[in-house]
Amino acid sequence: MKNFEVPQKEQVSAANQAIFENLEKGIGFVPNLYATFAHSENALSTYIALQSSKTSLKAKEKEVVNLVVSQFNNCLYCLSAHTAIAKMNGFTDEQIIEIRKADVSFDSKLDALAKVVQSVAENKGAISDEIKENFFKEGYTKGSLVDVIVLTGDKIITNYLFAATEVPIDWPLAKAI
């Protein structure tokens, strides 16, 4: 079996059906990867709670984390979804490519963030003193660093779920780099 079946609303629990309805109201559809969580009675609500939890990072900063982690994990589903979301948050196509490469020329603070995220993803959480010092020099705090780690974990969950299930991508495809 190459791909997981993406469950439809009538195939999931009543609790997951309610979440599907909220997703439809909020973004206009139920993304296939979210629907895939609904194979589990609890995973979709657990993931939504994690994803929507409070963080010190702003929307654009969250997209930097999402894009860098998804690039590292080569998750085309998440790269596609977060490219679309990054555009909604005001990033250009060129800026998104720079973010994915963790080489952000247009904003030194976002560059410091991207480099921390890349290091966390590549080195299983380890960050060199130089990268950490630059992150803090740009105004981030120890709390920000913890939030980056939590958001990295959030994105790893979806990256791995896509890798395991290979559900169809229902976002405009992100460009390869």
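**A helix and its surroundings**

Asp111 counts as buried, with a relative accessibility of 14%. In this predicted model, Asp111 forms a salt bridge with Lys115, and the closest N and O atoms are 2.8 Å apart. Both residues lie in helix α7, four residues apart, about one turn of the helix. Lys115, for its part, counts as partly exposed at 26% relative accessibility.

Helix α7 comprises 15 residues, 108-122. Just after the helix, Lys124 takes a positive phi of about 55°.

Besides Asp111, the buried residues of α7 include Leu110, Leu113, Ala114, Val117 and Val120. The buried residues of this helix pack against α4 (59-72), α8 (129-137) and α9 (142-165).

**The nonpolar cores**

The largest nonpolar core has 26 residues, of which Val64 and Leu113 touch the most other members. At least two residues of this core come from each of α4, α5 (76-88), α6 (93-100), α7 and α9. Helix α7 supplies the largest share, six residues. Leaving aside residues up to four places away in sequence, Val64 touches Phe91, Ile99, Leu110, Leu113 and Ala114. Another core, of 21 residues, lies apart from this one; among its members are Val30, Phe37, Ala38 and Ala84.

**Charged pairs**

Side chains of opposite charge can pair when their charged atoms come close. With a cut-off of 4 Å between a side-chain nitrogen of Lys or Arg and a carboxyl oxygen of Asp or Glu, the count comes to four salt bridges. One of them joins the side chains of Glu24 and Lys9, with a distance of 3.4 Å from N to O. Glu24 lies in helix α1 (residues 14-27) and Lys9 in the segment before α1, so this pair ties together parts that are 15 residues apart in sequence. Glu24 is partly exposed, with a relative accessible area of 34%, and Lys9 also counts as partly exposed, at 25%. A network of salt bridges links Lys9, Glu21 and Glu24.

Asp93 forms a salt bridge with Lys87, the closest N and O atoms lying 2.8 Å apart. Asp93 is partly exposed, with a relative accessible area of 34%. Lys87 is partly exposed as well, at 41%.

**The cysteines**

How many disulfides does the structure hold? The number is zero. A disulfide is a covalent bond between the sulfur atoms of two cysteines. The sulfur of Cys75 is 3.4 Å from the closest cysteine sulfur, which belongs to Cys78. A disulfide requires the two sulfur atoms to be within 2.5 Å, and the separation of Cys75 and Cys78 is therefore too far for a bond. Seen from Cys78, the nearest cysteine sulfur is that of Cys75, and Cys78 is in no disulfide. Cys75 counts as buried at 2% relative accessibility, and Cys78 likewise counts as buried at 2%.

Terms used: Residues numbered from 1 in each chain as written. Predicted model: local features only at pLDDT ≥ 70, side-chain atom pairs only at ≥ 80, totals over all residues. Heavy atoms only, no water. Expected span 1.5 Å × (residues − 1). Buried < 20%, exposed > 50% of the residue type's maximum accessible area, 1.4 Å probe, protein only. Contact = heavy atoms within 4.5 Å. Core = buried A, V, L, I, M, F, W, Y, C linked by side-chain atoms within 4.5 Å.
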